[in-house]
Amino acid sequence: MPAPRKVYMISGGVTKFAKAHPDMDFRLMVKRAFDYAMKDIPELRTSDIESSRISYFSDHFARQLKAASMVQDYLGLNPKDSRRIEWGGATGGQAIQAGWETVASGRNEVCLVAGFETMSHVETWKGNEFIALASDTNFDYPVGGFYTGYYALMVQRHIYEYLRKTKFARVKDEKKAQREATQEAKRIMAMVSVKNHVNAEHNPYSQYPEKLTMKEALGREMVAYPLNRPMICTMSDGAAVAILASEDVAFKYTDHPVLIKGVGCGTDTMRLADRPHGSVPLFPWEEAGYYSDLRYPGVHSFRAGRAAALEAYKNSGIRDPKKELDFVELHDAYASSEIQTYEDIGLCRYGEGYEFVDQGHPFLEDIDYGLDLPHRGTIPVNPSGGLIACGHPVGATGIMQGVFAFWQLQGSIRKHFGNDKLQIRGAKRGLIHSHAGTGSSVTVTIMERA
Amino acid sequence: MAQPRKFTKFRDVMKEVNTKGAALYKNPAGTEDLVILSPYAINYIHSYAEDSPFFLGLAKGKILGSECKSCHYRYATPRSHCMACGAETEWFALPKEGRVHSWTTCYYGGEEFLKETPFNLALVEFDGVDTLLLTRLKDAKEADIFIGMKVKAVFRHPPRYLISDVHFVPSEKPRKK
């Protein structure tokens, strides 16, 4: 296969994510994010944009088929090449990769990637029902129809495999051992929740910034045991755009483009119940012997995330992500799936995710979390606040991560956030991770300062 | 219809729209948005197609899994072709007793199931079967359930021809303390 052309992100824009934006329909939301991105690189004219990849997740929320066509004409991009991208929760991440493909292939020099979701069109529990339609509607939906329930099932097994069988192996009574392991996991998931909410305090685009304490995080209402409210992302209205360009033109528009260094995508069965119980696809630095007793992925880990990371690291020449990445923006729809994802993408080995948090590795160095964190700042995860605190307007989410990563790598957080509390100094390389369904598809994209 | 009433909180707008069909939202920017109720209901003519025997089986008190004719991988859910090797599968009856592989208690749910909360979800594992079955676990409270707990199938009569025609309950009554 010939090597793809180098593709750069040259600008980005995000609307503030909110529970509802009744004053803007989806076209205007995208337009606002688009205008912001265009203003940042005044040399680029709309006529220079050769194509668009427009993403939104749900026709049910939109209640407008071909809504992407309406964005295309609102932005004045007709009659150029365009298509809608949909890939569940990974819709945004997939849209960025679709934009990357059209530029990498040589078809276009400049491509606009734009995404949105308007989830406020229905009430929260109807919204949960709509999202659950992205599980098998014959076998999963009629049983419970609730994604938080599915993620609770997955983390319960994760806790069993990685805490019950290790740290709590000596507890004789089985039920007691499982309860103690779950309590410990809940404490650590609350730490993730505190991290993301506190980070978001400094991100003006976030929906739920909060100086959350451990006591508050642990005390709030249970949604599906052991996941409670602050551990779960919420529904949002919002839009985000990323403008991608070839190496030939990127530097014409900005002195600080960011290279899309590598892309990866992985998949798994739609039904959680159908996941195989085999062996772990290994990173080059892992030894098979370490996982000899593990039946993988089962329902405890995301094979799609592992596959996406394997491909993206291979394409980017990354051998040790913990050392070679300066930050990660990952799809923390749940505090549990943030921890599961550390293991999938190799920030630690399978089974080490809880300890990774407890030791402070994914926390920012200069933020006060009110926690004792001996090894903070090893690799900040979700410095923006992630989905848990920024919100999750599905079709925009993966692109939002790309925009935050772009600003981190440009060193322009102060310019766009109005403060530089979240700026990771000297950040050279970041990873964005977008995740769909119960892990049925995941994208990983590596971005690098040019 | 009379002129819609005006509200400054979107929550009040939603309430008004649900009862009166329309409302005006005076948004923080100072402009006014007209919000209306827009109902949507559909009856699908839904065929279970190749999975039909599974649902007919539930009505007869059987859970039918799929076994690959070639590699003999055994699925606890219907799948007319094997995902491991692509060959055709044949039906086999799953044991009516299994163990909890993982579980949760849901205190909220999608709108359709909100009235049933709290309810338990469980993934059930069966001896000699390679994959799991997602089901409701009834007659057990959050405090009773654990991974490895033995559970048995209970079937709905008359059937509604939904996966919920089968649910599971603990095989043994939890001991009272």
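In this predicted model, 44 residues of chain B are in contact with 36 residues of chain A, where two residues count as in contact if their C-beta atoms, placed from the backbone, lie within 7 Å. On the side of chain B that touches chain A, the elements that give two or more residues are α1 (10–20), β3 (32–36), β7 (97–106), β8 (119–125) and β9 (133–137) of chain B, and β7(B) supplies the largest share, 6 residues. That side of chain B divides into 25 nonpolar, 13 polar and 6 charged residues; here Ala, Val, Leu, Ile, Met, Phe, Trp, Tyr, Cys and Pro count as nonpolar, Asp, Glu, Lys and Arg as charged, and the others, Gly among them, as polar.

Residues are numbered from 1 along each chain as its sequence is written, while chains are lettered from A and ligands numbered from 1 in the order in which they are written. Because the model is predicted, local features need pLDDT of at least 70 and side-chain atom pairs count only at pLDDT 80 or more, whereas totals for chains, interfaces and linings use all residues.

Chain A has 16 helices and 13 strands, which are DSSP runs numbered from the N terminus (helices H or I, at least four residues; strands E, at least two). Its radius of gyration, taken over C-alpha atoms, is compared with a globule rule of 2.2 Å times the number of residues to the power 0.38; for 450 residues a compact globule would have a value near 22 Å, and the 21 Å of chain A agrees with this. Of the 450 residues of chain A, 64% count as buried, meaning that 20 or more other C-beta atoms, placed from the backbone, lie within 10 Å of the residue's own.

Chain A is divided into two domains, with bounds that come from an automatic or database domain assignment, and the table gives their residue ranges.

| Domain of chain A | Residues |
|---|---|
| domain 1 | 7–122 + 242–246 |
| domain 2 | 125–233 + 262–449 |

The centres of the two domains, taken over C-alpha atoms, are separated by 25 Å, and 33 residues of domain 1 of chain A are in contact with 36 residues of domain 2 of chain A. On the side of domain 1 that touches domain 2, α4(A) gives the most, with 8 residues, and the residues of that side divide into 17 nonpolar, 13 polar and 3 charged.

Strand β8 (residues 258–267) of chain A is mostly covered, with 8 of its 10 residues buried. Two strands pair if DSSP finds at least two bridges between them; β8(A) pairs in the antiparallel sense with strand β1 (residues 7–14) of chain A over 2 bridges, and A:Val258 in β8(A) is the bridge partner of A:Met9. β8(A) also pairs in the antiparallel sense with strand β13 (residues 441–449) of chain A, over 9 bridges, and A:Cys265 stands opposite A:Thr443 in β13(A).

Helix α10 (residues 303–316) of chain A has 14 residues that should span 20 Å at 1.5 Å a residue, and its end C-alpha atoms are 20 Å apart, which agrees; the expected span is 1.5 Å times one less than the number of residues. The helix α10(A) is mostly covered, with 11 of its 14 residues buried, among them A:Arg303, A:Leu310 and A:Tyr313. What covers the buried residues of α10(A) includes β8, α12 (335–344) and β13 of chain A. Just after α10(A), A:Gly317 takes a positive phi of about 70°.

Technical notes:
Buried ≥ 20, exposed ≤ 12 C-beta atoms within 10 Å, placed from the backbone.
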